[in-house]
Amino acid sequence: MIEWFSWAQAGVAIVAGLLAVILGLAGRQPNDYTMGATALVGVLLVVQLVVAILAPAFGNHATGSVLEFYTYLVSAILIPPAAISYGLVDRSRWSTVVLGVACLAVAVMVLRMQQIWAVQVA
Amino acid sequence: MSTTTSSRSTGVGRVLIAVYAVLALAATGRSFVQIATDFSDAPIAYALSALAAVVYILATIALIKKGDLWYRIAWITISFELLGVLVVGLLSLFDPILFPAKTVWSVFGAGYGFVPLVLPIIGMIWLYLKRPRPVEAQA
């Protein structure tokens, strides 16, 4: 993982998540902004996957469990598409909140991935 | 049209289901990693992680599905989770040797922002509010 990219990615996911939770509680249906932000969170995860695959070739190796890292990453990649497809089917305010929950969950997982990659508490 | 059950997957219940789904995914992922890498280190803790994962998946499904049977399964699984997080939470404080490794329930789910402790309580309130009511007097 590239540290600044992970932080930026977690930041985007937190902002997208809070935006969707607030708009959802305010009664908004899923719209281009909340769906688009969730889609962006999903795209950044795919970029992160590419980075993670290429990084070891440039001498940037995970210091923690590689299996655990990829379990988080693959799980995280599944979340935004699931939330977005739910938002397309169910056009209620609660779908917007679900988009937010999905983004916040991804944020937590990205921070955990960065930990696994870089920080080892021995 | 009146039915004998009120759906549990409406309104804010959808958010509850989404959070359950995420927790099920998290517990499944963790137990997969633990069992795949070093099961023999802490078989009790890791077997419990796997059991917790299965129960979270079952609870998620039970909240989505309609009908009295699924309502009962939802109660059983959510009660089991609350029991699990309380018992394992206490044991992990007083007997860390039994639980050398983290499970989703260790220290009352502290590793997951205490969501495993709070979620079953919210789930129970939701199930109570959405309890199946008998059909209104039929003409």
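**View 1. Contact between chain A and chain B.** Chain B brings 13 residues to the contact and chain A brings eleven residues, where two residues are in contact if their C-beta atoms, placed from the backbone, lie within 7 Å. On the side of chain B that touches chain A, nine residues are nonpolar, three polar and one charged; Ala, Val, Leu, Ile, Met, Phe, Trp, Tyr, Cys and Pro count as nonpolar, Asp, Glu, Lys and Arg as charged, and the others, Gly among them, as polar. This is a predicted model, in which local features need pLDDT of at least 70 and side-chain atom pairs count only at pLDDT 80 or more, while totals for chains, interfaces and linings use all residues. Residues are numbered from 1 along each chain as its sequence is written, and chains are lettered from A and ligands numbered from 1 in the order in which they are written.

**View 2. Packing of H2(A) on H3(A).** The axes of helix H2 (residues 32-54) and helix H3 (residues 66-89) of chain A come within 9 Å and cross at roughly 160°. H2(A) is therefore roughly antiparallel to H3(A), a term for angles over 145 degrees. Axes are lines fitted to C-alpha atoms, for helices over the stretch in contact, and angles run from 0 to 180 degrees between N-to-C directions. Residues of H2(A), including Val41(A), Leu45(A) and Leu49(A), meet residues of H3(A), including Ala76(A), Ile77(A) and Pro80(A). The residues of this contact comprise 14 nonpolar, four polar and no charged.

**View 3. The largest nonpolar core.** This core holds 66 residues, of which Val101(A), Cys103(A), Val106(A) and Tyr20(B) touch the most other members. A nonpolar core is a set of buried Ala, Val, Leu, Ile, Met, Phe, Trp, Tyr and Cys residues joined through C-beta atoms within 7 Å; buried means that 20 or more other C-beta atoms lie within 10 Å of the residue's own. H4(A) gives the most, with 16 residues. Leaving out residues up to four places away in sequence, Val106(A) touches Ala13(A), Val41(A), Leu45(A), Ala76(A), Ile79(A) and Pro80(A).

**View 4. H1(B) against H4(B).** Chain B has four helices and zero strands; helices are DSSP runs (H or I) of at least four residues and strands (E) of at least two, numbered from the N terminus. H1(B) and H4(B) pack at about 145°, with axes 11 Å apart. Tyr20(B) is among the H1(B) residues in this contact, and Trp126(B) is among those of H4(B).

Definitions and conventions. Angles under 35 degrees count as roughly parallel, over 145 as roughly antiparallel, 65 to 115 as roughly perpendicular and the rest as oblique. A residue is buried if 20 or more other C-beta atoms lie within 10 Å of its own, exposed if 12 or fewer, and partly exposed in between; C-beta atoms are placed from the backbone.
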